[in-house]
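I opened this model to look up a few helices and some single residues. My notes follow in the order I took them.

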Amino acid sequence: MNYYYSSPHNTKNMTEEEIRERVERLLEKPKALQELPLILTPEHLFNTPREIRRRLDKIKSALDIWISRAKEDDELLRIERRWIPFVEIYIPDTSEGNRFFTIAKAIGEIPMVAGVMPRNQNQGYWLKTLHYFYQARGILFAYKLLGVIPNPLDSQGLFNEYLPETSIHKLELLTNVDLAEYALIKAGERYIKQSVTKHNIDYPFKNALELFLEIQKQAFLNAWEFGPASQELEWLSIEKQQDFHSARIRLLENNPWIKGNEMRGTYKEQEQQYISFLMNCGWYGHFILAVRSQHWNLEEYLQQYTKALKAAKKAYIDDFYWQGGQPYQGKKQGEPSHLARKTRNRLRVEATVNILGYILWQWT
C-alpha cells in the first residue's frame, strides 16, 4: 500500500529528506521494529550533535548506501512505501568498532541471506519484520560481547526510545542464549572438530564465530519451515510448544524425567528421537552431539547455556500461529494485540504500512 503526503505548505523546493523530517515532526512515530543502519564513525565526531552528524558527507554517504540496499529489499519483497523508518547506530571506526560492525551485520543479515521465499505478501512483510528483529539482535549480541557503544538496553538507550517493550524483552532473552551458545561453541570447538572428523565430514569454518553464524542461519530456516512455510492444517498449542522446548533442554542436560505423559512420552523414547533429529540436523546437530558427549569437560558452559535456554523458553514461541501460509493471533475483546498471544480465539492478522513507512500488524 502506498501513502502519499500532501503538505499544506509549499514543498516544491524541499528535498525528500526534508519532507520526511517535516512529516515526522507532525505525526507521532510508533515504537516499532525498524531499519538499524550501522555507521562506522570517526571517534572525534561523537562530540557532534546527532542531527548535525548525520548531515556530514562521510556519514550521509554511508547512510545513503544502507538505505539504498534497504529499498532493494523492499522491491524484492514487494513492499511499497515512500519512506523507510530507521535509527542509525554510530560505531567508533576503530579495530574493536570494526569487529562490532562485522558481527552485528552478519547476524542482522541472516533472514535476508537464508534463502527463504515468501509465498504471499504477509510473509514478505513478516520476513522484513524478522530482518529488523535480527538487526537489533546482532547489535545487542555485539554490544554484550564487545561493548564499544552505549548500552542500547539502558532506560535512555536507543532500544527503549524506539523499539516496543515486548520486542526488547524478547531480544534480551534470546541474546543471552546466543552469547551462551557462542561461549559453548568456543569452549567445545576442538571436540566438534574431532567428532565430525570421525565421520569423515570436513570442518569448513575458520573460527567459532563462523560456526555460530551457520547454526543461527539453520535455526532461522527451521523456524520459518515450521511457521510461515508450514503446510500443517493444525497449529501447535502454546502448551505443546513449551513442553517441547522443556523436553529438549532436559535431553541436552541428560536429565531424565521419571514418568511419561501424553504430550512427552518416556525419556527413552524421546532420547532416541532426539538423537535421530540431531544426526540429521546439520551443524547444529554436530555441535550438540559433540558437546553432549563431552558434558563433563564442558559442564560450566553447558550449565550457562541450559540456564539461558530455560529463561528464554517462552521467547521461542512464535508471535503468530501460521496456517495455510497466513498469520493468526489470539484475541480477547478489548485486549491489545501485544497482550493477546496466549488466548484461544485466534483471528487472522495482516500487515499494514503507515504513512511514515512503519510495518504494523492488525487483526482483519
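**Entry 1: α11 and α12.** I started with the helix pair α11, residues 267–279, and α12, residues 282–293. The model is predicted. Two packed helices are described by the angle between their axes and the distance between the axes. I looked up both values. The axes of α11 and α12 come within 7 Å, and they cross at roughly 130 degrees. That angle makes α11 oblique to α12.

Which residues make the contact? On the α11 side I listed Y267, E271, Y274, I275, F277, L278 and M279. On the α12 side I listed Y284, G285, H286, I288, L289 and R292. I then sorted the residues of this contact by type. They divide into 9 nonpolar, 2 polar and 2 charged.

**Entry 2: R292.** I stayed with one of the α12 residues in that contact, R292. Is R292 buried or exposed? R292 counts as buried because its relative accessibility is 9%, and the cut-off for buried is under 20%. Next I looked at where its side chain goes. The side chain of R292 reaches the backbone oxygen of L251, at 2.7 Å. Leaving out residues up to four places away in sequence, R292 touches L251, L252, N254, Y267, E271, Y274 and I275. Of these, Y267, E271, Y274 and I275 are on the α11 side of the helix contact.

**Entry 3: N254.** N254 lies in the loop between α10 and α11. Its phi is positive, about 60 degrees, although N254 is not a glycine. N254 counts as partly exposed because its relative accessible area is 31%.

**Entry 4: Q241.** I moved to helix α10, residues 238–252, where Q241 has its place. Q241 counts as buried, with 16% relative accessibility. Not counting residues up to four places away in sequence, Q241 touches L236, I317 and D318.

**Entry 5: α6.** I then turned to helix α6, residues 121–146. How many residues does α6 have, and what does it reach from its first C-alpha to its last? I noted 26 residues and 37 Å. That is close to the 38 Å expected at 1.5 Å a residue. α6 is mostly covered, with 22 of its 26 residues buried.

I checked both ends. N120 caps the N-terminal end of α6. A side-chain oxygen of N120 lies 3.2 Å from the backbone nitrogen of N122. Just after α6 comes G147, which takes a positive phi of about 75 degrees.

**Entry 6: V148.** I went on to V148, in the loop between α6 and α7. Its phi is near 75 degrees, a positive value in a residue other than glycine. V148 counts as partly exposed, at 30% relative accessibility.

**Entry 7: L127.** Last, I picked a residue inside α6, L127. L127 is buried, with a relative accessible area of 2%. What is L127 in contact with, leaving aside its neighbours within four places in sequence? I wrote down L77, P111, M112, V116, P118, F220 and W224. I also noted one C-alpha separation. L127 and M117 are 10 residues apart along the chain, and their C-alpha atoms are separated by 9.1 Å.

Terms used: Residues are numbered from 1 along each chain as its sequence is written. This is a predicted model: local features need pLDDT of at least 70, side-chain atom pairs count only at pLDDT 80 or more; totals for chains, interfaces and linings use all residues. Side-chain values use heavy atoms; hydrogens and water are left out. Axes are lines fitted to C-alpha atoms, for helices over the stretch in contact, and angles run from 0 to 180 degrees between N-to-C directions. Helices (H or I, at least four residues) and strands (E, at least two) are DSSP runs, numbered from the N terminus. Angles under 35 degrees count as roughly parallel, over 145 as roughly antiparallel, 65 to 115 as roughly perpendicular and the rest as oblique. Contact means heavy atoms within 4.5 Å. Ala, Val, Leu, Ile, Met, Phe, Trp, Tyr, Cys and Pro count as nonpolar, Asp, Glu, Lys and Arg as charged, and the others, Gly among them, as polar. The expected span of a helix is 1.5 Å times one less than its number of residues. Buried means under 20% relative accessible area, exposed over 50%, partly exposed in between (1.4 Å probe, protein chains only). A polar contact is a pair of N or O atoms within 3.5 Å; within protein, one must be able to donate a hydrogen and the other to accept it, and residues adjacent in sequence count only if both atoms are side-chain atoms.
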